[in-house]
Amino acid sequence: MKTGNKWRRITKWTAFPALLLLLVSLVINSFVTNNAWSPLILSSFLNTNTMIICICIGSSAVIISGGIDISLGSLVSMCNVLLVSLMMHGMPGYMAVLIMLAVSAAAGAVNGILIAFLKVTPLLTTFAMSTVFAGVALIIMNSPGGSIAEELTDLYYSTLAGIPMTAFIILILFAIWKIFKNTPAGIQLYAMGENENKSYLSGVNTKALQVFVYSFAGLCAGFGALAVTCMIGAGDPLVGSTAGMTAISAAVIGGVSLAGGRGDITGGIFASLFLGFLTNLIVALRFDAYSQQMLKAVILLAGVVLAVLVGRENMKKKGGK
Amino acid sequence: MRIEFKEISKSFGGVHALKKASLSVESGEIRALLGGNGSGKSTLIKIASGLVQKDSGEIYINGEKMSIRTPKDAKRLKIAATSQELSIFPNLTISENITLCAMPRKKYGAADRKLMRKKTLDVLRKLGLEEKIDMPVKELPVNEQYLIEFGKAIYQDFDILMVDEVTSALYQKDVETVKHILEEYKKQGKVILFVSHRLKELYQICDSVTIMRNGEVIETDRIADVDDDHLLSVMIGQSVQKTQENSPHNQAFSPDENTEKPYFVIENLHIGQYNTDLSLEIKKGEIIGVAGLQGHGQSELVRRLHGMDGTIKIKKGTEEIIIRNPRDAVKNKFAFISGDREWEGAFGQHGLTEDISVVKELTLREKDTKPEQVLEAMHVKYARPGQLITSLSGGNQQKVIIGRWTYTKPVLLLADDPSKGIDVQARREMHTVFHRLAEEGTSMIIVSSDDDELVDLCSGYPNARVIVLYEGQISAVLRGNEITRDHIIEKTLSKGSEGK
């Protein structure tokens, strides 16, 4: 009886479909990849996907609040070239990282201010801002290049107590979100995602929450940029360009409702990893480059449709409108 | 404690919602605010709770002039209000909903769930709902959701409480609960302003009544000094004609006398919620009122008939028709009027004429439309035919929606609590429209949570009956003189032995 209840609670968990997909892809992957479970391969896998996971955390938070942010991919690009060029100008690594993170959060705050105070729709605001970020990235660095201090790369690939450093980047964002989610403001964020007008009428400070959540998403992109910069060790003004939409897809597969107010970031993390394994798999199966893109897209579509269907089914069972 | 409104004016796009309305309420009394749709009472409350800005005039609290610009200002001045539209969030728990605006925190900033639960329990206990604390909000029946809405207001630390229409979806026992709570606050010296369209409740709950009409305050009386006729005539501005007593048809009506064949035959309509089957026959021009406690299958009945819940087959005259979705239903000249204007009625971003002609033009593809005539015929209070429907008061919105459907000359009119939140006068007008349609041959199934409404609609009309649903089955059928409020209440409370 008790285990039955527990099981039902797990299957009703919004992140459950994503978890299931992740487990299935893990199993399949272990058949096609040699040494799939070796710590080295696993941690390098995590390194590759940290950027998407970071943006996905930001995207999920924004979607839960009832908005959307499609500028995070370009913001990653901008922060990546910013970080590299700061270090190329001889700035110490930690300083450059701090400045880059501050810029990322500020860029997100600009999104939030435009949306909250000028009442521009989130889709248009973040679309326009994404063009701005992409443009600034190209101004800072018009082609891939540059390099970063080796210490930073080494630090990124090192482990602490057996846990890869990258995991800590994700953990920091995860912790910020979890702490916030349990404050009154966090609960009000979910209310705002359900219905912005009603929450305003209930006395919720919707403007402040919007500015906060877009800034948090910007910060997530900053952490994503940190990860990708350490991984490739150089600047690339187009490094994040497609990542924003992939992260939104991952958020949806992870059980976040595009209508807002429902879901959590955990599912998006599972879903990002799932999409990562998928890429591995397609590469391992030696499809040519063009088919790879197509195949990935089809599976992504299937994942999103599945997640939406499962979500709708759960809502029905709960007797919602 | 005393709140005073002085010459408050407000207009929305050319329509004067308030014209120099002045009003003062002191602690120690429960003041009713009464008025027709668009009389300005909701606007007055919205101004006091910071949701709407006044154009001119002043608000004094204890003689001191106050400025209320946002909901936060109102909160600071300890003004709490329940809104006519539910502000419940289905994705949050009951306790999160009730404490949303003033959540207790732990030392380091996290929400204090333990204290939230305790405080919520305190509120729920007053409402008689403490065993529901762990239920998801959206699984609560609508009347309890409205109690939660009320709970959200009384959870706050307030001096002035304004209750706007919260009782329109409540049952008698819930109204008693609300009454006891309000009386308790009265004793504590809080100022209470109470809006309801149900006159009976005003007599029960309030000590005095202020009547508004067309944005003006007309008069204030002690409740003991007034009766229905007086209140209505002041509300309307003319003496009321009594429709019911004058009706020539007010007599017992036996089914055997009417040998006309049923026009619609509904057989074994499945009610999923209770896993039961309903069968029903309706004659041309017959009105069937549907009574029952909230959530006993009434809504599901009319919704299924309108094709919202999968394919159904019913007999219409000699043919069998299949309804797969609302589109089929509308093509077969069914009409569906919902009391939930926000979600199921008004196209909020569209103008009045568009809101009227939407079904006729877009689904039935008829083009000879004269929507302005419908606006006039329905006595809608409006400034321009192109103005947004959401700029009208709730009752006027509903008139537009009823106009939309009657305009299509339906053969079967389905309604789910069509008079929710609209005033007595508009309700009477709506009943007149329904009666006229029935005389022209439209069959109707009207669900209502207000038993008085079913009495008004069905008891004086020759070709009408009231069916009572209990757990998805018809537990009683009332006709003619049997249709009284007491009878309906009695039958809704228990499973009757009578068949159909």
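How many Å apart do the C-alpha centres of domain 1 of chain B and domain 2 of chain B lie? They sit 33 Å apart.

## About the model

This is a predicted model: local features need pLDDT of at least 70, side-chain atom pairs count only at pLDDT 80 or more, and totals for chains, interfaces and linings use all residues. Residues are numbered from 1 along each chain as its sequence is written, while chains are lettered from A and ligands numbered from 1 in the order in which they are written.

## The two domains of chain B

Domain 1 of chain B covers 2-236, and domain 2 covers 245-333 + 409-493; domain bounds come from an automatic or database domain assignment. Where they touch, domain 1 puts in 16 residues and domain 2 puts in 12 (contact: C-beta atoms, placed from the backbone, within 7 Å).

On the domain 1 side, α5 (142-155) and α8 (228-236) of chain B each give two or more residues, with α8(B) giving the most, 3 residues. Helices here are DSSP runs of H or I, at least four residues, numbered from the N terminus. That side splits into 8 nonpolar, 7 polar and 1 charged (Ala, Val, Leu, Ile, Met, Phe, Trp, Tyr, Cys and Pro count as nonpolar, Asp, Glu, Lys and Arg as charged, the others, Gly among them, as polar).

## Where chain A meets chain B

Here, 18 residues of chain A are in contact with 21 residues of chain B. On chain A's side, α9 (184-194) and α10 (196-201) each supply at least two residues, and α9(A) gives the most, with 6. The chain A side comes out as 5 nonpolar, 9 polar and 4 charged.

## A bent helix in chain A

Helix α3 (residues 39-64) of chain A bends by about 50 degrees at A:N49 (the angle between axes fitted to the seven residues ending there and the seven starting there). After α3(A) comes A:G66, with a positive phi near 95 degrees.

How values were computed:
Two residues are in contact if their C-beta atoms, placed from the backbone, lie within 7 Å.
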